Amino acid sequence: MMRVAWLILRKDLTVEVRSKEIAYTTLFFAVSCVLVFAFALVREGRPPEDGAAGILWISVMFAGNLALGRTFERERQSETLRALLLAPASRPAVYVGKLLGILALLFGAELLLVPLVALLFQAGLLAHPFWLTSILVTGTIGFAAVGTLFAAMLVRARSRDVLLPVLLYPITVPVIIAGVRGTATLLQPELDAGIARFWLALLVTFDVVFVTLALWTFEAVMTD
Amino acid sequence: MPKWFSPAAILCGAMFALSPFVIASAAYESTMGLVQKIFYYHMPSAWVFLIGAVVCGIASVRYLATGDPRHDRTALAAGELVVVFGLLTLVTGPLWARKAWGTFWIWDARTTSSLVSWMIACAYLILRRYGGPGSEKLAAALALFGMANVPFIYISVNYWRTIHPATTVVPRLPFTMGFPLWFCVVTFVLLFIILLKLRVRVEEQRARLDALYLALDERS
Amino acid sequence: MSPAAASTARPGLDFDCVTVDEVSRHFGRRRAVSRVSFVAHGGRIIGLLGPNGAGKSTLLAMLATLLKPSAGVIRYGTLTAADAPPELRGRIGVLGHDLFLYPELTARENLAFFAALYGRRDAGAAADAALAEAGLADRGDDLVSGFSRGMRQRIALERALIHGPRLVLLDEPFTGLDQASTAALVARLKGLRESGAAIVLATHDLDVAEGLLDEAIFLREGRMVESLSRPEDLRSAYHQAMTGGGRS
């Protein structure tokens, strides 16, 4: 199973490295997002308190939405997703492969976004790197896990571009709450480890539950 | 229609007709006065909203597991009712809140979780309507995810804010407030069952019609 | 010829014939395929002929296990798709209308990816062999996006065959091909027939089909209106089938 997932991941990375289309557009969009927030919220050179956490996560989710749509749109041309489903590989392996690809992309975007947001909004995001990384990683996994399933299942649906955010955002509300509040805790002058730990635990639980659910339902949802 | 349907419908209608009188006979709540009485419609709506969501979730899981269209029909009907009763809850709540707490909307655990769950239900209907053919299975997956999400939504929003009156309000109510409440709860649940049955029946007729069209096609 | 069969020796999965038994498929009110029955034996080429919308693609999708029949059963040897493990899909090769190739990858990379996906341990060697078979060994390192339709078709066909399938399904494979490519494809299919695979081919190119098919099944509006063995003069048979002749 992991062999197949790895094959798919490697294929996606090769394709992406060749064209760099999704990487560039997603990163550029994420940066534009942050800039829009900056213009909207920074007044007289002073950024809003605690705004950085929210802006970071919103940018990640918007960029993630775009990346998910583009990745599966690519599989839709030439119907290659169908070809993957025709292979004797287990369907959950296909899901895991695509998920890992999306995660790689989003982590890359976050590597760029965190310093950018910290800089533009004068937020001490890099003060507690271990906590920040944990929260970002678990939150991104939660978002991407649900997103990959929904994007895959919408590939043959009508109105798929607008349906993805319509379905995805309400379901990932716990991720955004936990991610933003968790990150905001890290921005306080005194780090309250208890609160941070709570949000991290919630994210980890969310990840476990929803990755499992996605693995269970992927097969049922992709076959007619 | 099954035998119990007509008597149940008549009973439900009668109970609704009776409910304003039952509610009027309840004691006045000391601080909120007359407006508090909206609670007798608001709470049952909220409970039916929850029950409907559970029915939709379970029917969706069964549909995903077995592919039997009957479960899909139940899920669709329940999903629509969730949106309706959710809307009722989300409208009666703020009307009450305005008088009780001074503002229409408060970002606390219960209200926010309800809003998010309601939006998931709306997303469910949007998917079914605009997703094109084959969206039944996709919607079922969404319903499953929505149902699994309820504890997460609640816990995360709860830890985020909390003002809503505690759940223990209900057992501590004096009988004059307790009886009208249970009366309305039974009325609403009965209404839910009746509407569910009606809606499922419409879908069944539609499926029968499709089958007849197909059979006609075969014959010619 | 079938190295894939050596790697997973499961007796039930090595089928010799595929039986389509009163298979129907509808989408809501629309009937796409209605009570079609035939048997596809190894070493024979069956053609599904009919106008657009006749149900050819739907039938092929069901044979490929991508769609479940609404009624009726498809048996691979003795197993149905529902009973069979996922390895069954490894015995089926599909050349769809959309070719299933990644344009951003080279020909060799495409072939190697699918070879590995289908469980061939020697993916690189298999890719090279497939390239040679397609006559494109010198273009192996070029991106598929730069290929003509005919070349892509050849790669796509090799991709569909790289795991040595026992059942080969082709959906309109002759579309957009020139004379030379068509002839090459016909030769390849004849070679496949020799090696014992069962081939089901949907097309509305009657001239090419004429010399190629061992059996012709005419579909109209989802129904099988005629079925001929050793068909000759396909044009008039087709015309007759489509304008009311044959059983319904």
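**Three chains at group meeting**

Hi everyone, let's start with chain A: of its 224 residues, 51% count as buried, where buried means that 20 or more other C-beta atoms lie within 10 Å of the residue's own, exposed means 12 or fewer, partly exposed is in between, and C-beta atoms are placed from the backbone. Before I go on, please keep in mind that this is a predicted model, in which local features need pLDDT of at least 70, side-chain atom pairs count only at pLDDT 80 or more, and totals for chains, interfaces and linings use all residues. Residues are numbered from 1 along each chain as its sequence is written, while chains are lettered from A and ligands numbered from 1 in the order in which they are written.

Back to chain A. Its secondary structure comes to 9 helices and 0 strands; these are DSSP runs numbered from the N terminus, with helices being H or I of at least four residues and strands being E of at least two. The radius of gyration of chain A is 18 Å, close to the 17 Å from the globule rule for 224 residues, so chain A is as compact as a globular protein of that length. That radius is taken over C-alpha atoms, and the rule is 2.2 Å times the number of residues to the power 0.38. Along the principal axes, the C-alpha atoms of chain A fill a box of roughly 55 × 35 × 30 Å. Now look at contacts, meaning pairs of residues whose C-beta atoms, placed from the backbone, lie within 7 Å. Among those in chain A between residues at least 6 apart in sequence, 84% join residues at least 24 apart.

On to chain B. This one has 7 helices and 0 strands, and buried residues make up 34% of its 220 residues. For contacts between residues at least 6 apart in sequence, 80% in chain B join residues at least 24 apart.

How many residues does each chain bring to the contact between A and B? Chain B gives 28 residues and chain A gives 26. On the chain B side, α4 (109-130) and α5 (135-160) each supply at least two residues. The largest share of that side, 17 residues, comes from α5(B). By type, the side of chain B that touches chain A divides into 20 nonpolar, 7 polar and 1 charged. Here Ala, Val, Leu, Ile, Met, Phe, Trp, Tyr, Cys and Pro count as nonpolar, Asp, Glu, Lys and Arg as charged, and the others, Gly among them, as polar.

Next, chain C. Helix α3 (residues 107-117) is mostly covered, with 11 of its 11 residues buried. Which helices do they pack against? They meet α1 (2-19) of chain A, together with α4 (123-134) and α5 (149-161) of chain C. After α3(C) comes C:Gly119, whose phi is positive, near 90°.

In the loop between α4 and α5 of chain C you will find C:Val144. Why is C:Val144 called buried? Because 21 C-beta neighbours lie inside 10 Å. Leaving out residues up to four places away in sequence, C:Val144 touches several others, including C:Ala107, C:Asn110 and C:Ile155.

Last, the core. A nonpolar core is a set of buried Ala, Val, Leu, Ile, Met, Phe, Trp, Tyr and Cys residues joined through C-beta atoms within 7 Å. The largest one has 206 residues, and those with the most contacts inside it include A:Val117, B:Leu142 and C:Val200. Helix α6 (residues 129-154) of chain A gives the largest share of this core, 14 residues.

Definitions and conventions: Contact = placed C-beta atoms within 7 Å.
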